[in-house]
Amino acid sequence: METVTRYDVIVIGGGVVGSLTARELTRLGARVLVLEAKSDVASGTTAANSGIVHAGFDAETGTNKAKLNVRGSAMMPALTKELSVRYQQIGALVTASGDEGLAGLEKLLERGKKNGVSGLSIVRGEALRALEPNLSTELDCALFATTSGIVCPYGLAIAAMGNAMDNGATLLRNTPVTSIEATDGGYLVNGTYFAKAVVDAAGLAAHKVAALAGFTGLKQHPRRGEYLLLDRNCGGTVKHTVFTLPTKAGKGILVSPTADGNLLLGPTAEDLPEGVNCAVTAAGQDKIIATAKKMVPSVPLGGRITSFAGLRAVGESGDFEISQKNGFVILTGIESPGLSAAPAIAELIGEMLGEAGLLPEKPMANFDPVRTVVRPKEMTDVERDALIRRDPAYGRIVCRCEEVSEGEIRDALRQNPPALTIDGIKRRTRATMGRCQGGFCTPSLVALVSRERKIDETKVAKGDGNSIIADRRTKGGN
Ligand SMILES: Cc1cc2nc3c(=O)[nH]c(=O)nc-3n(C[C@H](O)[C@H](O)[C@H](O)COP(=O)(O)OP(=O)(O)OC[C@H]3O[C@@H](n4cnc5c(N)ncnc54)[C@H](O)[C@@H]3O)c2cc1C
């Protein structure tokens with residue numbers, strides 16, 4: 001008979017919501033287990049989105065989206081500082097033209113004020129041009145939101161999970177949840193793990209996971225968003241996140257610097273049947289280019305380095321659907337602004353489980369909220385010089401495009417949650433994310449994974465599934 005391991009809470013899914021929830025529940029004193037289906041956290045929707053921390057003027061007043069977006073956005077500066085995650089409050093401009101456009105912006109401004117968003121104003125003509133010189137002259141007015149920011153979405157999830165683990169949480173990867181049995185005043189998951197409370201943060205699969213526990217009838221479908229990513233030397237094309245007026249399908253296509261200094265164009269919005277389809281399409285890419293050019297005619301398309309797509313989990317109500325019954329928390333419809341709202345969703349789940357009497361009486365006494373990451377590129381010359389003298393691995397550059405050192409890659413393979421694959425290293429350090437997309441450094445990364453994980457180089461995978469990079473040696477030796 002299999003032994004059962006007991007926890008206070010089991011979190012299903014290691015996206016940004018599950019990871020921040022695991023950290024919050026650990027802080028509140030709970031013994032937390034996170035079960036993630038893939039080989040790494042932040043592998044689902046959290047890996048492919050716009051990375052905007054929205055100010056909170058877009059969602060209808062009174063909805064979960066509006067409340068949790070505004071609260072999450074306010075939490076983001078302190079949270080990202082504690083966790084050493086890249087975040088910059090660069091501000092956003094929702095652009096428009098003519099009387100009709102201006103009327104649309106005024107509606108957004110009013111809604112923003114009702115939602116409790118500060119730092120909103122309408123800018124016009126020369127004032128707008130001064131804020132964003134490369135903007136099309138066809139656009140003559142904008143809603144300026146000073147509290148909008150950009151964040152590295154997977155960086156936030158990885159850091160939150162790492163900090164939860166540093167404080168005692170357990171993460172099991174490559175562990176899809178396939179059965180949930182309500183028993184003994186709690187839930188037995190996969191026949192092996194027991195907890196009085198479960199948080200279903202499985203993103204696009206959350207309705208299916210809920211059904212395993214008997215909570216049937218929930219519906220979600222994927223809405224694909226495609227992107228084009230431009231090199232870091234294009235990041236300065238715009239200074240703010242530039243949008244057009246939102247529609248029912250979403251906030252529309254944007255042009256924005258990313259937290260890592262690239263320029264991002266997208267996303268499209270295309271409803272798809274159930275399943276995971278992250279393909280990019282010629283039609284989607286053409287649409288992005290045409291829309292981006294209308295906003296910023298000089299957008300430097302020659303700097304394109306890659307295209308990708310993400311899938312929004314769209315529920316039936318159009319709002320975030322968050323419920324708790326008998327200690328089982330279900331999160332469906334966590335589409336945009338789910339990243340912005342994630343810290344507040346985690347806080348809300350803590351309150352829900354606390355009120356239900358399912359958490360320990362006291363928070364963890366010695367919880368350490370801080371996670372540090374060594375980033376030589378962000379240091380002064382003097383600091384970097386001293387670091388390299390102490391540890392020469394930080395002076396050996398492995399990824400030349402993104403200037404990532406062996407020391408940083410080694411840290412990514414050791415620090416919680418340790419990277420297991422090349423994609424895991426990529427999301428932690430940016431190695432392979434530059435212009436050559438890993439053409440130069442992949443062999444060195446394979447060697448480092450092999451050394452640190454003590455596995456043969458022919459066992460090193462790029463990511464999930466059958467993605468082994470080199471399946472045999474061609475020259476018989478090393
Ligand atoms: C195109 C696009 C643009 C967006 N832009 C923004 C934006 O700019 N700002 C913003 O605030 N939000 C944005 N969002 C929304 C935001 O990305 C999501 O709300 C957020 O990432 C959702 O995180 P999550 O943790 O709920 O889901 P996910 O990141 O999908 O995590 C769910 C996890 O559960 C795991 N899982 C699934 N099934 C199981 C199982 N059976 N057992 C164990 N694990 C399982 C998955 O592998 C996955 O890791 C955007 C989304 C998209 C697609």
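This is a predicted model: local features need pLDDT of at least 70, side-chain atom pairs count only at pLDDT 80 or more; totals for chains, interfaces and linings use all residues.
Residues are numbered from 1 along each chain as its sequence is written, and side-chain values use heavy atoms, with hydrogens and water left out.

R223 belongs to strand β13 (helices, H or I of at least four residues, and strands, E of at least two, are DSSP runs numbered from the N terminus). Because its relative accessibility is 11%, R223 counts as buried (under 20% relative accessible area; exposed is over 50% and partly exposed in between, with a 1.4 Å probe and protein chains only).

## Ligand surroundings

The ligand is surrounded by 40 residues, the closest being E36, T46, I52, I334 and S340 (a residue is near if one of its heavy atoms lies within 4 Å). This shell divides into 19 nonpolar, 17 polar and four charged residues (Ala, Val, Leu, Ile, Met, Phe, Trp, Tyr, Cys and Pro count as nonpolar, Asp, Glu, Lys and Arg as charged, and the others, Gly among them, as polar).

A polar backbone atom of T45 is 3.0 Å from an oxygen atom of the ligand, and one of S50 is 3.3 Å from a ligand nitrogen atom. An oxygen atom of the ligand also lies 3.3 Å from a backbone N or O atom of P337. Of the 1,000 Å² of accessible area that the ligand has on its own, the protein covers 94% (Shrake-Rupley method, 1.4 Å probe). The elements giving two or more residues to the shell are α1, β13, β18 and α8.

## S340 in helix α8

S340 lies in helix α8, residues 338–355, and counts as buried because its relative accessibility is 1%. A polar atom of its side chain is 3.0 Å from the backbone nitrogen of H54. Leaving out residues up to four places away in sequence, S340 touches I52, V53, H54, L68, N69, G72, S73 and M76 (heavy atoms within 4.5 Å).

## Helix α1

Helix α1 is mostly covered, with 11 of its 12 residues buried. Just after α1, G29 takes a positive phi of about 100°.

How values were computed:
A polar contact is a pair of N or O atoms within 3.5 Å; within protein, one must be able to donate a hydrogen and the other to accept it, and residues adjacent in sequence count only if both atoms are side-chain atoms.
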